[in-house]
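Please follow the account below alongside the sequence and the coordinates.

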Amino acid sequence: MNTFAVIVARDVRLALRHGGGTMWALLFYLLTVTLFPLAVGPEPEMLARISGGVIWVAALLAALLSLDRLFQSDFEDGSLELLALSPAPLEVVVLAKSLAHWLTTGLPLAAFAPLMGLLLNLHPSAWGVLVLAMLLGTPVLSLIGAIGAALTVGIRRGGMLLSLVVVPFFVPTLIFGVSAVDAAAGGLTPRPHLLLLAALLLGAAALAPWAAAAALRLNLE
Amino acid sequence: MAFSGRNLTCTRGGRTVFRDLTFDVAAGAALLLRGPNGSGKSSLLRMAAGFLPPAAGHFAWDGNPATADDLRARVAWVGHADATKAAFTVAENAAFWIRLGGGDSSATGRALASMGIDHLADLPAGVLSAGQRRRLNLCRLAAGAAPLWLLDEPTSSLDDASVTGLIAMLQQHLDRGGALVVATHVDLPLRPSATLSLGASR
């Protein structure tokens, strides 16, 4: 438990200290969202209809952008070997690093989602559900992303390959995340979609650390 | 508390690096790995740390075969890379590894002093020279309690004074009953020590 907290604190501080990670992901998120009114036209009805999907895709891409460094910088500078030798199992290390990634990427993306909703004329009644869906869905992106990041950790410029590996597995999260927002905006209950997102989160939290740790062990040989 | 390897064979990329290697390291003794580049010194260390499974043979603690988890639990590791984060200060870097190993962050100052870098404590690690980074990586050893230290070319980029300091630290570890396996190209006057030459038989 101590190891877990020490690693989370270190990764969060590193992400904030670089000024990079979090800030870049948020700016990318904002820029991607603002591209859509320019591309598809500024009609409020049109924007309201696509807003849920656009915000989710932008958040997914922003999370993806920061994933390739999740293990790679530690792998390159030798820190990963020492983390693997720490008293906690490698699965706990993976879980700690995924949590730190979510705290510095997914959580801010969810927090700024209402602003994106405002930009895209998303009905205010759906804002709460959008944030809730993102709070449930973005940790899934960090956890599944950790598997891809672990598999591609030894590959120089593995970011592109990482995207190809993990994006197909992001699809269920995207579908249920968008469905929840659309249901709320259309006056229906978002409950089943949110429950499915919660199920995805529990499944990913239970399985992803094992898969990612196994991939890291192979890469440490 | 003796560490040993029995009939170890290492294959990397389909090539046999060494085969049937057997060695013993008693508590309080050092084993120096010597041999030309590519003779398997680093691979043997990676095996002993539990990263690389041996193609044949096994390691043992006090004669009991050790699993990869047993190996990981007992070693302190210094590899080629120095595991320092440029965005952290020298003290933050050292404190993280010491706390991760279960140590107290109050030990950080002593650890830095042991390699003579306590005056750099508040500098960002990104501005250190290669030798200073190496000293930062080595200083966490002094604060840990691992019985077996695995060091891969620990003297690389160190100046003469730092090599002397390192030797003193290693000797202290031996005197406390710790064991040591070091891959090295320079002579390390450690007592008692044995030398294992790799790559000589091929």
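In this predicted model, strand β1 of chain B, residues 3–12, is joined to β2(B) by seven bridges, and the two strands run antiparallel. Within this pairing, B:Leu8 lies opposite B:Leu21 of β2(B). Strands of a sheet pair through backbone hydrogen bonds, in either a parallel or an antiparallel manner.

The sheet to which these strands belong is open and has four strands in chain B, in the order β2-β1-β4-β5, paired in antiparallel fashion. Its edges are formed by β2 (15–25) and β5 (64–65) of chain B, each of which pairs on one side only. Helix α1 of chain B, residues 41–48, packs on this sheet and touches β1, β2 and β4 (56–61) of chain B. The direction of α1(B) makes about 120° with that of β1(B).

In chain A, helix α6 spans residues 90–111, 22 residues in total. From its first C-alpha to its last it reaches 30 Å, close to the 32 Å expected at 1.5 Å a residue. Because 17 of its 22 residues are buried, α6(A) is largely enclosed by the rest of the structure.

The two chains also meet: 19 residues of chain B are in contact with 16 residues of chain A. On the chain B side, β6 (75–78) and α3 (90–100) each supply at least two of the residues that touch chain A. The largest share, four residues, comes from α3(B).

Note on methods. Residues numbered from 1 in each chain as written. Chains lettered and ligands numbered in written order. Predicted model: local features only at pLDDT ≥ 70, side-chain atom pairs only at ≥ 80, totals over all residues. Pairing = 2+ DSSP bridges. Contact = placed C-beta atoms within 7 Å. Axes fitted to C-alpha atoms, helices over the stretch in contact; angles between N-to-C directions. Expected span 1.5 Å × (residues − 1). Buried ≥ 20, exposed ≤ 12 C-beta atoms within 10 Å, placed from the backbone.
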